[in-house]
Amino acid sequence: MAALGLVCLAVVLAVGLVQSLDTYNVKDVPVLVKTLKNLNRGPPQQVMTKRVNVEEKWITQKLDNFDDSNTGTYQMRYLVNDEFQTEGSPIFIYLGGEWEIEQSMVSAGHWYDMAAEHNGVLVYTEHRYYGQSVPTTTMSTENLKYLDVKQALADVAHFIETFKSENAQLANSKVVLAGGSYSATMVVWFKRLYPDLVVGGWASSAPILAKVDFTEYKEVVGQAFLQLGGQQCYNRIENGIAELESLFANKRGAEARAMLRLCNSFDDQNDLDLWSLFGSISNVFSGVAQYQSTGDIEYYCDYLLSFRDDATAIANFVYWAWGMPNCIDASYDSTVEYYLWGVEHFDSGRPWYYQTCNEYGWYQSSGSRNQPFGTKFPATLYTTLCGDVFSSQYGNEQINNNAAQTNEYFGGMEPGVENVYMTHGALDPWNPMGHGVAEGATVIANASHCSDFGSVRSTDSEEMRASKEKLAELVRQWLA
């Protein structure tokens, strides 16, 4: 089966990685960057079953919403679907996050269906510094000072006020928000800062606690493989990665480098290179778990178990996931160089990495023993990268202080908001940073990250259907 599955596996695994590179693949992308971009891509595109007229529009936003003396502006892009618009239509806004917006989110899916029920206008806003809504001529560290969630939320507030004032039919319309992942976090925080501008919101897979050393993430990834793939698969992952670590630790690095097809630039005596490699290996499994749908993990586990030994299985699995290049570039210096290249060549990887250094952390480390991905990618890898890519001021202490300030400002696990419906997949690795059942969120069994945006359908699990129906009833109440 190993040989037969090669092409299929490569195509399926590589699809997310290739999508996340979009138009920026003119430069070779180191595997750490590639796997991180894959984990931070936008929510799944919805399946469009009919032609919908979606307009691309632009609004002038202030470069700095909090400095009256700064007269700089930029053009923020948004998409509008007004096919249902009538007098007093409610406004259904989907917030963009660290990705480029696209029309399916306002053309199909559960959000679209609810807008249709209420004759709503659908809008998708693009976040500053992502997609085509870039306020500055470069993404230098100096220019990125205008990138933070407070500025982005203020952009949304200004958008709502302007959009209503410029549309006579919508002057008194109620507004509801939706978002997934980081933009779901924005939904929660927008309701905290601007409660009078929206009547309610849907936050799917929202992390609301900033945490630098996010050890729980890999634990949930491991649990997804254990629960859906079985103990034998979990053991293969754990033993294979441990064996690769051991080869490097016991002066058999040449053997491991050959097995993993690493480029000559890789230095197995350099901790940062080893950390980058093992972080990237773990991120392949994270990508599978974070975006898994029914049968995915079982399929990949069957493939892993088709090999005779553990390390060979891991080496082949990640090689195909990375697109089978001539050699694997896992060096730390290449990662730094790529993010520095992003100063002049706009690339969503750089602004999002800046936000993690400046506001959140969320570094998915090997700090827990309750996961199968080894010990060789501490949070120190990611905090060191902050300093080397942006500024020496981003040391470990500063990054921890930044995350603490975010939690203090937005309330951490106690955001103090009303009329926000939070949903999480039980097997979404991000869910430990969000509300659970005890705090009033809905946790959907076997579901992953942002997996509930599709229309209600016969293939939904009982829990998934119940959650979608609960949301639809809440929206009816908010708009009544």
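**The surroundings of I281**

Author: Setting aside the residues within four places of it in sequence, I281 touches I241, L260, I314, V318 and W322, where contact means heavy atoms within 4.5 Å. This is a predicted model, in which local features need pLDDT of at least 70 and side-chain atom pairs count only at pLDDT 80 or more, while totals for chains, interfaces and linings use all residues. Residues are numbered from 1 along each chain as its sequence is written, and side-chain values use heavy atoms, with hydrogens and water left out.

I281 belongs to the largest nonpolar core, a group of 123 residues. Such a core is a set of buried Ala, Val, Leu, Ile, Met, Phe, Trp, Tyr and Cys residues joined through side-chain atoms within 4.5 Å; buried means under 20% relative accessible area, exposed over 50% and partly exposed in between, with a 1.4 Å probe and protein chains only. Together with F225, L277, F285 and Y353, I281 touches the most other members of this core. Helix α9 gives the most to the core, namely 10 residues.

Helices (H or I, at least four residues) and strands (E, at least two) are DSSP runs, numbered from the N terminus. Having a relative accessible area of 1%, S282 is buried. Beyond its neighbours within four places in sequence, S282 meets K218, F373 and F377.

Another buried residue is F248, at 8% relative accessible area, which is found in helix α7, residues 231–249. Apart from neighbours within four places in sequence, F248 is in contact with G253, A256, R257, L260, L262, F266, D268, L274, L277 and F278. Two of these names have been met above: L260 is also a contact of I281, and L277 is listed among the core members that touch the most others. As for D268, 20 residues separate it from F248 in sequence, and the two C-alpha atoms are 6.7 Å apart in space.

Cover of this kind is also seen in helix α2, residues 31–39, where nine of nine residues are buried. Among them are V31, L32, V33 and L36, but also K34, T35, K37 and N38.

Most residues other than glycine have a negative phi. S181, however, has a positive phi near 65°; S181 sits in the loop between β5 (175–180) and α5 (182–193) and is buried at 11% relative accessibility. W362, which is not a glycine either, has a positive phi of about 60°. W362 lies in strand β8, residues 361–363, and is buried, with 4% relative accessible area.

These details belong to a chain with 16 helices and 10 strands. Its radius of gyration is 22 Å, close to the 23 Å that the globule rule gives for 480 residues, so the chain is as compact as a globular protein of that length; the radius is taken over C-alpha atoms, and the rule is 2.2 Å times the number of residues to the power 0.38. Along the principal axes, the C-alpha atoms fill a box of roughly 70 × 55 × 40 Å. Of the 480 residues, 60% count as buried. Among contacts with a separation of 6 or more, 74% join residues 24 or more positions apart.
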